[in-house]
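Student: I have a sequence and a structure to read. Please take me through them.

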Amino acid sequence: MRPGRKFTVAPGLAPGGPLLDNLGAYPEMPMKTIFAALVACFVTVFALPAAAHHSLTAEFDPNSTVTVKGVMTSIEWINPHIYIYFDVADKDGKTSQYAVETFPPNHMRSRYGLTKQVLSGDFDKKQTLVVEVNPAKNGKPLGWLTKITYPDGHFIKLTAEPGSPEAR
Amino acid sequence: MRRLGMRSRVTTVAVITAGIACLSLALVRAQAGAQGKQDGARAATASVATPRLADGHPDLNGQWHHRIGPPVPQLKPGQSYDAAIAKPIGIAQFNPGRPVYKPEYVAKVKDLDERQVQVDPAWYCQPPGVPRVGPPQKIVQTAKELVFLYDDLNGNFFRVVRMNAQHRTDIEASAHGDSIGRWEGETLVVDVTNLDETTWLSDNGLFHSDKTHVIERLRREGDTLHYDVTVEDPVVFAEPWKQRSRDLKLMKDYEIEEAPYCSERDASHLQDLSHHGNLR
């Protein structure tokens with residue numbers, strides 16, 4: 001629906017009106033049709049125009065989620081995407097770097113109210129965080145952030161997957 | 001009249017409730033989405049008077065934004081956040097529409113569009129240029145000139161709009177060109193030339209020539225700034241391109257900030273050409 005257009009409610013459909021009795025007068029209207037109309041309505045209302053800075057689905061696998069446990073070593077608060085780096089230990093205790101990518105800084109602030117400080121958590125304590133990502137398709141130690149959980153249990157969950165409306 | 005069974009009634013009530021909820025949401029969205037004006041349909045007239053400078057012209061000073069709704073509260077340390085629940089809609093995306101190219105350039109646009117992830121200059125931290133940089137995010141106005149400021153993903157950009165001046169001929173072409181302004185009644189008309197051809201006009205392969213001419217129209221109405229853009233390109237366009245109109249809101253609770261530097265690091269990881277567009 002275009003903004004600015006007059007929006008009218010049909011007589012008889014106004015909340016508080018004789019809704020149920022009126023409906024009984026239209027027994028032929030199949031419920032399927034009503035449901036289809038409802039689905040169409042919700043799709044229309046919630047469909048967002050496509051927009052993204054980068055090609056997230058060309059880089060990350062939206063159908064896969066990988067959990068990484070590591071110590072946050074730094075955050076690069078840069079455009080077009082923020083990078084968060086973790087030291088991740090393998091089963092032999094050898095650490096390697098894993099890079100986690102997320103939204104641009106002004107997007108983080110104005111859309112989510114998230115700052116570098118909030119994302120850092122208790123950075124100085126060098127605690128192990130649990131990070132869920134959509135992994136890079138090329139197998140590199142790189143992923144797109146979907147959720148980060150801190151040792152005290154609080155978490156920041158940004159999006160389900162690259163390519164979803166929230167990832168744009 | 002057939003009487004509905006209890007179960008049918010419950011279902012019916014649920015359906016009607018959902019329908020009303022959806023229609024209500026549509027209405028709320030329509031009211032909130034004043035940014036997405038199309039075809040000249042405009043929001044309701046201003047409820048506050050348009051302030052003016054001493055010279056009598058409308059005062060365009062301020063921070064203008066296409067954000068929907070109030071500012072998003074800053075998250076506190078230790079506070080959980082779930083985007084799926086919060087459903088952030090703080091930034092309105094804008095689709096300017098598409099120009100009509102001359103037939104001989106249609107294939108080139110299609111090719112660039114398909115290879116956008118590899119070739120779109122804005123995806124590689126290059127200046128977006130006019131008109132892709134969008135409406136000014138902050139305006140500083142004097143009687144002689146206006147300064148447009150931008151906090152873009154690709155950096156901080158500025159434009160100086162010299163009032164009642166002639167276009168310069170002593171400077172090189174650039175991404176944001178040379179801007180001169182004049183008042184046509186209540187409307188500030190900004191004329192932009194000297195644009196180089198390194199930028200795209202928008203998403204989806206919309207390249208242009210070095211003969212591009214952009215006309216911006218800014219009209220303040222209360223705390224709303226109406227922003228219209230027409231792009232002429234006699235080399236590649238079949239006709240002038242009038243972008244969809246935008247309405248910006250005066251932001252009194254937000255200040256433009258320095259953009260963190262732009263460093264492109266995704267290109268080496270791309271595995272295919274898929275993308276979701278970059279409408280701006």
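**Reading chain A**

Tutor: Start with confidence. The mean pLDDT of chain A is 72, and 61% of its residues reach 70 or more; pLDDT is the predictor's confidence in each residue, from 0 to 100. Over residues 1-29 of chain A the pLDDT is below 50. Residues 37-53 of chain A also have a pLDDT below 50. Where pLDDT is low, the predicted coordinates should not be read in detail. This is a predicted model: local features need pLDDT of at least 70, side-chain atom pairs count only at pLDDT 80 or more, and totals for chains, interfaces and linings use all residues. Residues are numbered from 1 along each chain as its sequence is written, while chains are lettered from A and ligands numbered from 1 in the order in which they are written.

Student: How many helices and strands does chain A have?

Tutor: Both are DSSP runs, numbered from the N terminus: helices are H or I with at least four residues, strands are E with at least two. Chain A has five helices and six strands. Their order along the sequence is α-α-α-β-β-β-α-α-β-β-β.

Student: What share of the residues in chain A is buried?

Tutor: A residue is buried if 20 or more other C-beta atoms lie within 10 Å of its own, exposed if 12 or fewer, and partly exposed in between; C-beta atoms are placed from the backbone. Of the 168 residues in chain A, 32% are buried.

Student: Why is helix α4 of chain A largely enclosed?

Tutor: Helix α4(A) covers residues 105-112, and six of its eight residues are buried, so the rest of the structure largely encloses it. Among them are A:Pro105, A:His107 and A:Tyr112. The buried residues pack against β2 (82-89) of chain A, and against β2 (81-82) and α2 (83-86) of chain B. After α4(A) comes A:Gly113, with a positive phi near 70°.

Student: Which strands pair with β5 of chain A?

Tutor: Two strands pair if DSSP finds at least two bridges between them. Strand β3 (residues 95-102) pairs with β5(A) in the parallel sense over three bridges. There, A:Glu101 stands opposite A:Trp144. Strand β4 (residues 128-135) is antiparallel to β5(A), over six bridges. A:Pro135 has A:Gly143 as its bridge partner. Strand β6 (residues 155-157) is antiparallel to β5(A) too, with three bridges. A:Ile148 faces A:Ile156 in that pairing.

Student: Is β5 of chain A mostly covered or mostly uncovered?

Tutor: Mostly covered: β5(A) spans residues 142-149, and six of its eight residues are buried.

Definitions and conventions. Two residues are in contact if their C-beta atoms, placed from the backbone, lie within 7 Å.
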